[in-house]
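Subject: Structure handover

Hi,

Here is the structure I promised to pass on. My notes follow below it.

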Amino acid sequence: EWSYEKELDELLYQARHDDVIGREWAVRELGDFRAHPGVAGVLSELAHEDPFWAVRIAALETLGIGSAPGAGHPAGQSEKAGILDILRERALDADSRVRRTAVRLLGDMGDPALNPFFQDRFRQDDSYLVQAETLRAIGRSGDQSQLTFLRGAVDVPSHRDVIREAAEWAIQELATRPSGGE
């Protein structure tokens, strides 16, 4: 088996012009070049415009690498804010798999200021899996002030009880945290 490292320009071209498998692979490989100018812009473009959901997910995950607090993200504050905006937009994507990924990555940031957004997405989204991910995101970023909301979500019916299980997990996560303002 032969393999060779691709240059940045080759990966950027492949991410835009190859077939689905090649585009997704190239997008994931671009994670090694996050500090290079223009890479985040291409990833953002693909997260918005690629016609295939798996490529959009790969772009979001590559953009979100290290965006959690203390993860050593190479980006400055302005790029982090840009990533946050992209993830919030993609949480409204037409494909529920993309929405779920965006919500998961936002939850990984652990930002309590996103909890109203997560609650809104829970109420507005029609996918049980996305709704469950919003509850897990609240569990990762919230405090005890979200317990009332989460307890209400326990009773929401869903296939295989995914919402109830996510709400119970989030409640357990928040039970040990100090209370804060909502």
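Helices here are DSSP runs of H or I with at least four residues, numbered from the N terminus. On that numbering, D161 sits in the loop between α9 and α10. Please keep in mind that this is a predicted model.

D161 has a positive phi of about 55° although it is not a glycine, and its relative accessibility of 34% makes it partly exposed. R160 lies in the loop between α9 (147-154) and α10 (162-174) too. Its phi is near 55°, again positive in a residue other than glycine, while its relative accessible area of 67% makes R160 exposed.

Next, helix α6. At its start, a side-chain oxygen of D95 comes to within 2.8 Å of the backbone nitrogen of R97. After α6 comes G110, with a positive phi near 70°. The buried residues of α6 are V98, R99, T101, A102, V103, L105, L106 and G107; their cover includes α4 (53-63), α5 (77-90), α7 (115-124) and α8 (128-141).

Finally, a helix pair. The axes of α3 (residues 39-49) and α5 come within 10 Å and cross at roughly 10°. Angles under 35 degrees count as roughly parallel, so α3 and α5 are roughly parallel to each other. A40, S44, A47 and H48 of α3 meet E79, I86, E89 and R90 of α5. By class, this contact has three nonpolar, two polar and three charged residues.

Best wishes

Technical notes: Residues are numbered from 1 along each chain as its sequence is written. This is a predicted model: local features need pLDDT of at least 70, side-chain atom pairs count only at pLDDT 80 or more; totals for chains, interfaces and linings use all residues. Side-chain values use heavy atoms; hydrogens and water are left out. Buried means under 20% relative accessible area, exposed over 50%, partly exposed in between (1.4 Å probe, protein chains only). Helices (H or I, at least four residues) and strands (E, at least two) are DSSP runs, numbered from the N terminus. Contact means heavy atoms within 4.5 Å. A polar contact is a pair of N or O atoms within 3.5 Å; within protein, one must be able to donate a hydrogen and the other to accept it, and residues adjacent in sequence count only if both atoms are side-chain atoms. Axes are lines fitted to C-alpha atoms, for helices over the stretch in contact, and angles run from 0 to 180 degrees between N-to-C directions. Angles under 35 degrees count as roughly parallel, over 145 as roughly antiparallel, 65 to 115 as roughly perpendicular and the rest as oblique. Ala, Val, Leu, Ile, Met, Phe, Trp, Tyr, Cys and Pro count as nonpolar, Asp, Glu, Lys and Arg as charged, and the others, Gly among them, as polar.
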